[in-house]
Amino acid sequence: MTCRKTNGPTGGKGEPVRQRVLDAAERLLRDGKPEFSMRELAGEAGVSFATPFNQFGSKAGIMHALSGRRMEAMAARYAAAPHSADVAGRVRRAIEVAVSVMLDEPAVNRAVMGAIGAAGPVQADALARSTAFWAVALEGQQDRRAPREADKNELSRQLAFAFRGILSFWSAGELSDAELGPAALKIADALIPTFTGQQ
């Protein structure tokens with residue numbers, strides 16, 4: 001995922017300073033510095049030492065915000081991609097999109113995933129964001145075999161759990177970049193029939 005540039009206000013309180021801090025964190029991660037200090041981050045962003053704390057509360061807050069950027073990129077790419085008429089095809093396309101975002105910058109994304117995988121003081125929303133992403137892939141009117149609404153909600157959560165699990169092994173170096181997509185597709189192929197009655 002490439003560094004997002006800011007050209008003036010982007011709408012929220014603290015913007016574009018907030019984006020400058022996130023852009024700087026991505027640059028440090030890109031440079032192989034996953035253990036960067038908040039002082040290094042402030043220097044890289046060209047802001048005061050207190051600014052990252054004021055904007056995000058902690059380094060964990062910054063890493064969760066970077067994770068949110070990845071989810072936003074996945075949602076935008078999926079929305080722009082051609083969609084299949086059947087649920088399995090839509091989920092497979094969502095996986096391809098999610099994997100492509102993660103593989104844009106593997107070192108950065110491994111660091112982000114590794115950081116948000118640890119318990120911390122930050123109120124996280126990664127599960128809710130991920131579940132919402134997979135729910136979009138399950139929408140569609142043309143598919144007669146689409147799961148019922150209650151099943152869609154559960155399948156969205158199961159896909160979120162499954163993809164996060166795959167990413168944890170990838171982040172730890174137990175899955176190669178080449179194995180990430182196929183492993184995620186295999187799990188989806190196993191889950192979807194359970195919820196669509198096509199076993």
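Predicted model: local features only at pLDDT ≥ 70, side-chain atom pairs only at ≥ 80, totals over all residues.
Q: How do you know that the length of H1 is close to the expected one?
A: At 1.5 Å a residue, 20 Å is expected for its 14 residues, and the distance from the first C-alpha to the last is 20 Å.

Q: Which elements do the buried residues of H1 pack against?
A: They pack against H2, H3, H4 and H6. Among the buried residues of H1 are Gln19, Val21, Leu22 and Leu29.

Q: Why are H1 and H4 called roughly perpendicular?
A: Their axes come within 10 Å and cross at roughly 90°. Angles of 65 to 115 degrees count as roughly perpendicular, and the pair is therefore described that way. The contact includes Gln19 and Glu26 from H1, and Leu66 and Arg69 from H4.

Q: Why does Arg69 count as buried?
A: Buried means under 20% relative accessible area. Arg69, in helix H4, has a relative accessibility of 2%, so it counts as buried.

Q: What makes the link between the side chains of Arg69 and Gln19 a polar contact?
A: The cut-off is a pair of N or O atoms within 3.5 Å, and the contact joining these side chains is 2.8 Å.

Q: How do you know that the buried residues of H7 line one face of the helix?
A: The buried residues of H7 include Ser130, Phe133, Trp134 and Leu138. Viewed down the axis of H7, its buried residues fall within an arc of 155°, so they line one face.

Notes: Residues numbered from 1 in each chain as written. Heavy atoms only, no water. Buried < 20%, exposed > 50% of the residue type's maximum accessible area, 1.4 Å probe, protein only. Helix = DSSP H or I, 4+ residues; strand = E, 2+ residues; numbered from the N terminus. Arc of directions from axis to C-beta. Polar contact = N/O pair within 3.5 Å; in protein donor to acceptor, adjacent residues only side chain to side chain. Axes fitted to C-alpha atoms, helices over the stretch in contact; angles between N-to-C directions. Parallel < 35°, antiparallel > 145°, perpendicular 65-115°, else oblique. Contact = heavy atoms within 4.5 Å. Expected span 1.5 Å × (residues − 1).
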